[in-house]
Amino acid sequence: MPPEAAPPLTVCGFVLRAALWLAPCFAAWHFLAPALAGLLAHPVGWLLPAFLGEDLRRVVASAGDLAVVLAGNPAAFAGQRVELELSVNPRLYTYGLPVVSALMLASRASIGALAAAIVLLVPFQAWGVTADILRQVAFAKVNGMPALPWLGPGTREAVALAYQIGSLVLPPVAPVVVWGVFNARWVLAGRPPAPAAAPPSASGSPGP
Amino acid sequence: MTRFVLSFTVLLALLFTVEITVPVQRHFVAPWTQAVASLSAAGMQAFDPAVVARGRVIASQRSGFAVSIEAGCNGIEALIVLVAAILAFPAPVLHKLAGIAAGAILVQGLNILRVVSLFYLGQWNQAVFEWAHLYLWQALIMLDVLVVWLVWIRLLPREPAPRAA
């Protein structure tokens with residue numbers, strides 16, 4: 001006997017299911033946060049050298065945070081090489097994981113689709129964390145003086161913009177967009193369909 | 001679908017670029033943020049007369065606790081996402097305008113609820129306040145935008161009938 005097809009998903013049903021899934025997904029994310037930070041350290045470790053080059057010493061996950069150690073020559077130290085340690089809270093950029101999980105589960109996605117959706121969020125999370133670190137580096141001060149005085153105002157503005165996008169826009173928007181891509185058919189089917197075209201008259205002659 | 005995603009992305013970039021300019025910040029975002037603070041405080045004063053609003057800051061004269069409404073908490077980013085999603089979707093212009101107007105009220109309504117809840121959470125437990133402020137409410141506001149958009153799509157008129165062959 002073939003299994004019955006699931007009833008079509010209504011908006012109300014979807015919202016209710018998403019609301020019910022949200023709590024366990026957030027709980028799982030909260031407890032997995034240290035492990036997720038460790039995983040995120042890898043793509044961030046690949047991105048940062050493109051901007052910081054040899055100054056980047058290491059990116060490590062520690063107690064759920066990401067610590068980045070740099071070696072620099074701040075002007076306040078008259079060219080002496082010093083190490084700077086910066087810290088980022090990756091939860092600020094990964095809270096989209098429980099959101100996309102709840103949405104995908106609410107729309108009855110397969111495990112594979114759920115996993116793909118989660119993986120698709122990684123570049124956006126890496127952007128946010130990387131931009132946060134670059135913001136801290138670009139605007140860092142040592143003894144009241146810019147740590148990187150050679151950094152031009154244009155570069156600082158670009159870093160600030162990348163940080164705003166990475167912290168304010170991408171974390172809440174990306175999970176919803178990713179879910180939408182996987183469920184485009186259901187979303188677009190929500191609009192009442194066009195009535196069927198009237199058949200042409202039997203005589204084929206035009207009206208009066 | 002591809003056209004919608006491209007239009008949505010371009011509109012999003014355009015609206016956020018406009019939003020961060022100095023004239024828009026001075027003449028729209030700042031007054032809007034103060035209005036959010038005032039409305040939130042007015043709602044709380046119905047049951048807590050000790051609440052006052054000064055500019056974008058809401059404070060309790062009883063406990064001394066205060067919150068400042070900053071970028072990301074004034075509902076404008078969520079509204080920008082909703083406007084971009086509605087404008088990018090093929091629909092009659094009047095329905096788009098109606099969707100934006102109704103959506104603005106619904107999103108800001110939930111945003112004011114966010115401000116009120118965080119104000120009292122902060123007075124109760126700082127750790128819970130941080131968690132709700134940084135993660136949970138950010139997610140809920142964007143889910144509100146999604147639901148408003150989905151309902152708006154379902155309230156659109158039928159698509160035009162295809163021409164008979």
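Which residues does A:Ser107 touch, not counting residues up to four places away in sequence? I looked this up first. A:Ser107 touches A:Leu9, A:Phe14, A:Trp179 and A:Asn183, where contact means heavy atoms within 4.5 Å.

**Entry 1: ground rules**

I note that this is a predicted model, in which local features need pLDDT of at least 70, side-chain atom pairs count only at pLDDT 80 or more, and totals for chains, interfaces and linings use all residues. Residues are numbered from 1 along each chain as its sequence is written, chains are lettered from A and ligands numbered from 1 in the order in which they are written, and side-chain values use heavy atoms, with hydrogens and water left out.

**Entry 2: A:Ser107**

I placed A:Ser107 in the loop between α3 and α4 (111-138) of chain A. Helices (H or I, at least four residues) and strands (E, at least two) are DSSP runs, numbered from the N terminus. A:Ser107 has a relative accessible area of 13% and is therefore buried. The classes are buried under 20% relative accessible area, exposed over 50%, and partly exposed in between (1.4 Å probe, protein chains only).

I then checked the side chain of A:Ser107 for partners. It reaches the backbone oxygen of A:Leu103 at 2.9 Å. The side chain of A:Ser107 also makes a polar contact with the side chain of A:Asn183, at 3.3 Å. A polar contact is a pair of N or O atoms within 3.5 Å; within protein, one must be able to donate a hydrogen and the other to accept it, and residues adjacent in sequence count only if both atoms are side-chain atoms.

**Entry 3: chain A as a whole**

I counted six helices and five strands in chain A. Along the sequence the pattern reads α-β-β-β-α-α-α-β-β-α-α. Of the 208 residues in chain A, 42% are buried. Among contacts in chain A with a separation of 6 or more, 65% come from residues 24 or more positions apart. The accessible surface of chain A is about 11100 Å², and carbon and sulfur atoms hold 68% of it. Accessible areas come from the Shrake-Rupley method with a 1.4 Å probe; for residues, only the protein chains shown count as cover.

**Entry 4: salt bridges**

I searched for salt bridges, meaning a side-chain nitrogen of Lys or Arg within 4 Å of a carboxyl oxygen of Asp or Glu.

- A:Asp65 and A:Arg91 meet through their side chains at 3.7 Å, N to O. This pair links distant parts of the chain, with A:Asp65 in strand β2 (residues 65-72) and A:Arg91 in helix α2 of chain A, 26 residues apart. A:Asp65 is partly exposed, at 27% relative accessible area.
- A:Arg135 pairs with A:Asp132 in a salt bridge, the closest N and O atoms being 2.9 Å apart. Both residues lie in helix α4 of chain A, three residues apart, about one turn of the helix. A:Arg135 is partly exposed at 28% relative accessibility, whereas A:Asp132 is buried at 5%.
- B:Glu70 forms a salt bridge with B:Arg56, with 3.0 Å between the closest N and O atoms. The pair links distant parts of the chain: B:Glu70 is in the loop between β3 (66-68) and α3 (76-88), B:Arg56 in the loop between β1 (51-54) and β2 (57-60) of chain B, 14 residues apart. B:Glu70 has a relative accessible area of 39% and so counts as partly exposed; B:Arg56, at 28%, is also partly exposed.

**Entry 5: chain A against chain B**

How many residues does the contact take from chain A and from chain B? I found 37 residues from chain A and 39 residues from chain B. The two chains bury about 3200 Å² between them, 77% of it on carbon and sulfur atoms. Buried area is the accessible area (1.4 Å probe) that two parts lose on being put together, summed over both. Between chain A and chain B I found zero salt bridges and three residue pairs in polar contact, both residues at pLDDT 80 or more. On the side of chain A that touches chain B, α1 (11-52), α2 (91-94), α3 (96-106), α5 and α6 (184-188) each supply at least two residues. The largest share of that side, eleven residues, comes from α5(A).

**Entry 6: a nonpolar patch**

Helix α5 (residues 153-182) of chain A gives the largest share of the patch, three residues. A:Val181 lies in this helix and is partly exposed, at 48% relative accessibility.
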